[in-house]
Amino acid sequence: MSVNQFIVSSSPHIRSPISTAVIMRDVIFALLPASFAGVYFFGTHALAVIVTGVATAVISEAIIEKLTHRPVTVGDFSAAVTGLLLALTLPPDLPLWIVAVGAIVAIGLGKQVFGGLGHNPFNPALIGRAVLLASWPVAMTTWRWPITEAPWFGQDFDVLTSATPLAAMKLSGVKTPYLPLFFGSVAGSIGETSAVAILLGAAFLLLRGHITWRIPGFYILTVAILSILFGQDPVFHILAGGLLLGAFFMATDYVSTPVTPLGQAIFGIGCGVLTVLIRLYGGYPEGVCYSILIMDAATALIDRFTRPRRFGEVKHSA
Amino acid sequence: MIVRSRTFKGGVHVPHFKESTESRPIKSTRLPSTVVVSLHQHTGAPCEPLVRVGDQVKVGQKIGDSQAALTAPVHSPVSGKVVKIGPYLMSGGVERPAITIESDGLQEVADTVRPYGSLENLTRQDLINLIREAGIVGLGGAAFPTYFKLTPPPGKKFDTLIINGSECEPYLTADQRIMMERPEDAVLGARILMKATGVKQAFIAIEDSKPEAIAAMEKAVSKAKGIQVVPLMAKYPQGAEKQLIKVLLGREVPSGGLPVDVGAVVSNVGTAVAVANTLKTGMPLIERVVTVTGRPLKEPSNLLVKIGTKVSDLVNECGGFVREPAKVIVGGPMMGIAQFTLDIPVTKGVSGILFLDADETSLEEPGPCVRCGKCVENCPMRLLPLFISQYADAGRFDDAAAYGALDCIECGTCSFVCPSRRHLVQSIRLAKAEIVARRRKK
C-alpha cells in the first residue's frame with residue numbers, strides 16, 4: 001500500500017443515501033396512482049398527454065442546457081417531475097401540441113431562465129399551466145366526464161363537454177356527491193380528480209420523509225375552516241378541483257416554497273386563504289394554481305422573517 | 001429528578017456501523033518501540049518540554065507542562081530514552097512540538113506515581129489538583145483540560161454532573177466497551193467529579209442502542225448516591241454537550257455560553273474512568289481506549305493504546321489490511337478528520353481511527369441547493385444551514401454571523417442529510433473561523 005494515497009476531505013465522511021435524484025424518482029412514484037387513475041377515467045388521450053408532457057419537459061431541459069453549455073441534468077429527474085405534474089393539471093382532451101408548448105414553457109420560462117434546478121422562484125409546472133390557460137383558455141377549460149360515467153346530475157350537461165364539479169357548483173349551485181369526488185369519476189384535470197390516488201402518493205412521500213405535513217396540512221385546514229366560515233361545504237371544497245394535488249405536490253415543491261417551519265405554516269395558510277377567495281370571488285375557478293404561484297412570490301420574504309429561534313438564543317426585548 | 005425527555009429536536013438517525021467492534025473486549029496493545037508525545041494535545045496553551053534529548057524517562061514521569069492558565073501536562077507512557085524534541089506532524093496535517101521516546105521495554109514506573117488514597121480523605125481542591133497533575137483532558141474528542149472545567153467562574157455554580165456515555169458517532173465503541181468492562185471505575189469517576197464540582201446529582205447518559213452498557217452501569221450505580229443512568233434515544237448527535245443538557249435538564253445553554261451558565265458540567269465516561277484510575281493508582285493519563293475499525297482492517301478492535309503510539313502500529317495490532325483503505329479518519333465518520341498519512345501519533349483526544357475503502361468513500365460533486373429544508377429540519381441547533389453556507393460561500397460573513405453561524409456545533413448533520421451533497425458544515429466552519437478572526441482584529 002502506497003503512502004500519501006488517502007483521500008482527504010471534510011467531515012462528515014458518510015452521507016445519507018437519499019440524493020436529489022432519489023427524491024425526484026420517489027415523487028414520480030408517488031404520482032403514479034394519480035396518473036393511472038387519470039388514464040383509467042379519461043382513456044388513452046390522457047396517457048398521450050402525460051407522455052407528451054414528460055418527454056417534452058425532459059427533452060427541452062436537455063436542449064436548453066446543451067445550448068447554454070451547461071451540464072445536462074435530466075438525470076436528476078426533476079424535469080420529468082415538472083412534465084408529469086404539468087400533464088396532471090391539464091384537461092384530458094387537450095391537443096398534444098399545446099401540452100408540448102406548456103412543457104417547454106414550464107422548463108424554459110419556469111426553470112431554466114433562472115439558472116435551472118434550485119433557482120426558480122415559481123413552481124415551473126404551474127407557470128406552464130398558467131401560460132397555457134392565458135393562451136388557450138377555451139381548450140384549457142374544455143372538460144368531459146369519464147367515458148364510463150354518465151353524469152349523475154341533470155340532463156343539461158353534455159356528456160362530452162361539461163363543467164367540472166367546482167364550475168357546476170359555482171355556475172349552477174349543483175353539488176357533486178362525495179364518492180365520485182373521492183374516487184375521481186368526475187370531470188377535471190387528468191391527475192386532479194381522484195382524491196384517493198393523490199392521498200396514496202402523498203402518504204408515500206410523507207412516510208419517506210420527503211415532505212412534511214406542514215404546508216399541505218395548513219393549506220387544507222385553512223380551506224376547510226374558511227369554507228365553513230363562508231357557509232360552504234368543506235369536504236366538497238377539499239375533494240373538488242386541484243386542491244389535494246396542489247397541496248401535496250405543488251405547494252410542497254422544495255425550490256419555490258419556504259424552508260423554515262413557521263414559514264411553511266404561513267405559506268400553507270396563505271395558499272388556503274387565496275384558494276378560497278379565488279374560488280368564491282374570482283373569475284376563474286382556478287384557485288389552487290394562482291394561490292400557489294402568488295405565495296411562491298412571497299417565499300423569500302417569508303423565509304427572511306420566520307427564522308426559527310436558535311438553540312440557546314435569548315429573546316431580545318424590543 | 002425526572003428526566004424531561006429521551007431526545008432532542010432535530011438530529012438524524014445515522015447507520016451505527018458498530019457491529020464489528022462492539023462485542024470485542026478492550027485489548028492491550030504491544031509496547032510500541034517508539035512513542036511521539038505531543039506537547040499540545042489539548043485545547044489551550046502548549047506545554048514546554050521538561051526533559052532533554054538523551055534523558056532517561058520512566059512511565060508516568062511528567063515530561064511537559066506549562067504555567068499557562070489553560071493547559072494540561074503530558075507524561076511519558078513508556079520508560080526509555082528521549083531521542084528527539086521538535087515539531088512532528090499530527091492529526092489533521094498540523095505540526096506540533098513533540099517528544100519522541102524510544103522504549104527500553106522495561107516499563108519502569110516513575111516514583112512520583114503513587115495512589116492518592118481514598119476519595120473521602122481528599123478535598124475538592126485536592127481532586128482538582130490531582131486531575132490537573134494527571135494531565136486529564138476530555139477524552140470524548142474535544143480534549144478540553146478537565147480540571148479547568150471543574151472550577152466554575154465567579155458567581156456561577158454547578159448543580160448537575162452529566163457523564164456522557166452516549167457515543168453517538170457511528171463506528172465508535174470505545175466508551176461502550178469501557179462501560180461494559182469498567183462500570184465500577186466509571187461510577188467512581190463520577191463520584192470524584194461530583195465531589196470536585198460540589199454537585200449532589202449526576203446522570204449517566206447512554207443511548208438505548210447499548211443495552212449491555214446500560215445494564216452494567218445500572219448495576220454499578222445501585223450503591224452510589226445521587227447517580228442515575230438515563231437511557232436516551234439513539235440519535236445523532238445525542239452526545240453533543242448542549243443537546244445532552246437540554247434533554248436531561250430541559251435547559252438550553254445560552255448562545256455563546258457554556259454549560260456552567262445553566263449549572264451543568266458534562267464529562268465523557270472515558271474521562272471519568274481516567275480520573276478514577278489516577279485516584280486509585282496515581283498513574284497519570286498515559287493511555288486511552290481507541291476504536292480502530294473499518295472494512296479494510298483484518299480485525300477491527302478496541303485497543304488500550306499508549307498515548308503517542310503511531311497509527312501505523314495500531315494497524316498492525318488489527319492484523320493489517322485485507323483491502324486497500326481509501327480514507328483514514330481520526331475520530332468518527334461524522335466529525336472526524338481525514339488524514340493523509342498513517343505516520344501520526346495518537347493523542348489524548350483520539351477516540352477512534354476509522355478506515356474506509358473506495359466503495360465507502362464517494363467524492364460526489366455537490367449539486368445546486370434545492371431548498372428541500374432537510375438541513376433546517378434536522379439541525380440540532382435550529383439553524384438554517386443552507387443560508388449560512390450560501391452567505392459564507394459569497395463572502396458575506398456578517399450575514400452568516402447574523403444567521404447564527406457561531407452557534408453551529410459542526411456536527412455535520414446538515415451535510416449528511418443534504419440530497420445535493422452540498423458542503424454545508426464545511427463552509428459554515430469556514431465562516432466561523434473568519435468571523436472569529438475578524439472580531440479579534442477589531
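This is a predicted model: local features need pLDDT of at least 70, side-chain atom pairs count only at pLDDT 80 or more; totals for chains, interfaces and linings use all residues.
1. **Fold of chain A.** Chain A has 14 helices and 0 strands. Read along the sequence, the pattern is α-α-α-α-α-α-α-α-α-α-α-α-α-α. The radius of gyration is 21 Å, close to the 20 Å that the globule rule gives for 318 residues, so chain A is as compact as a globular protein of that length.

2. **Dimensions and packing.** The C-alpha trace of chain A spans about 85 × 55 × 30 Å along its principal axes. Of its 318 residues, 56% count as buried. Take the contacts in chain A with a separation of 6 or more: residues 24 or more positions apart account for 72% of them.

3. **Extent of the interface.** On the chain A side, 45 residues are in contact with 64 residues of chain B. The two chains bury about 4,400 Å² between them. Carbon and sulfur atoms carry 58% of that area. In chain A, the residues that lose the most area to chain B are His13(A), Arg15(A) and Phe311(A). Together they make up 20% of what that side buries.

4. The rule finds 4 salt bridges between chain A and chain B. One pairs the side chains of Arg309(A) and Glu252(B), at 2.9 Å from N to O.

5. **What chain A brings to the contact.** Helix 1 (20–42) and helix 14 (287–305) of chain A each supply at least two residues of the side that touches chain B. Helix 14 gives the most, with 3 residues. By type, the residues on this side of chain A divide into 19 nonpolar, 18 polar and 8 charged.

6. **Asn123(A): setting.** Is this residue buried or exposed? Asn123(A) has 2% relative accessibility; the cut-off for buried is under 20%, so Asn123(A) counts as buried. Asn123(A) sits in a loop of chain A, between helix 4 (96–108) and helix 5 (124–135).

7. Which backbone atoms does the side chain of Asn123(A) reach? One is the backbone nitrogen of Ala125(A), at 3.0 Å. Another is the backbone oxygen of Met250(A), at 3.3 Å. Leaving aside residues up to four places away in sequence, Asn123(A) touches Met250(A), Asp253(A), Ser256(A), Leu293(A) and Asp296(A).

Notes. Residues are numbered from 1 along each chain as its sequence is written. Chains are lettered from A and ligands numbered from 1 in the order in which they are written. Side-chain values use heavy atoms; hydrogens and water are left out. Contact means heavy atoms within 4.5 Å. Buried area is the accessible area (1.4 Å probe) that two parts lose on being put together, summed over both. Helices (H or I, at least four residues) and strands (E, at least two) are DSSP runs, numbered from the N terminus. Ala, Val, Leu, Ile, Met, Phe, Trp, Tyr, Cys and Pro count as nonpolar, Asp, Glu, Lys and Arg as charged, and the others, Gly among them, as polar. The radius of gyration is taken over C-alpha atoms; the globule rule is 2.2 Å times the number of residues to the power 0.38. Buried means under 20% relative accessible area, exposed over 50%, partly exposed in between (1.4 Å probe, protein chains only). A polar contact is a pair of N or O atoms within 3.5 Å; within protein, one must be able to donate a hydrogen and the other to accept it, and residues adjacent in sequence count only if both atoms are side-chain atoms.
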